[in-house]
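Open your viewer and get ready to click through a few side chains. We will go from pair to pair, looking at who meets whom.

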Amino acid sequence: MEVNEKQALVNRLKRAEGQVRGLEQMVETERSAKEILTQLAATREALKKVGLAILEEEIRNFEAAGEKRDQASVEALMGLVRQITKG
């Protein structure tokens, strides 16, 4: 993973961390359920994007190897795809 890509992921994670802190404050100050749920959905989406970016990097590494992959390595990669795309 290149330094710029890594820093972009770190920045996304820091934003998501701020969103989680914001959620905590919203609950403590008894904001409306709609506001909290909206922010929660945005936080989930931010984390999902980080996961997808990491998965994309893994797929690039998988393709860059250039050698034939065995069934076990394909299943491992598909396991990552299923993990990031569920729920």
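**A tour of the salt bridges**

Begin by selecting Glu17, which is partly exposed at 44% relative accessibility; partly exposed lies between buried (under 20% relative accessible area) and exposed (over 50%), using a 1.4 Å probe and protein chains only. Before you go on, note that this is a predicted model, where local features need pLDDT of at least 70, side-chain atom pairs count only at pLDDT 80 or more, and totals for chains, interfaces and linings use all residues. Residues are numbered from 1 along each chain as its sequence is written, and side-chain values use heavy atoms, leaving out hydrogens and water.

The term means a side-chain nitrogen of Lys or Arg within 4 Å of a carboxyl oxygen of Asp or Glu. How far apart are Glu17 and Arg21 in helix H1? They are 4 residues apart in this helix (residues 3-28), so about one helical turn separates them. Helices here are DSSP runs of H or I with at least four residues, numbered from the N terminus.

Next, select Arg31 and Glu35, whose side chains meet in a salt bridge at 3.0 Å, N to O. Arg31 is partly exposed at 41%, and Glu35 is partly exposed at 35%.

For the last stop, pick Glu75 and Arg82: their salt bridge spans 3.7 Å, N to O. Glu75 is partly exposed with 39% relative accessible area, and Arg82 is partly exposed with 45%.

Note on methods: Helices (H or I, at least four residues) and strands (E, at least two) are DSSP runs, numbered from the N terminus.
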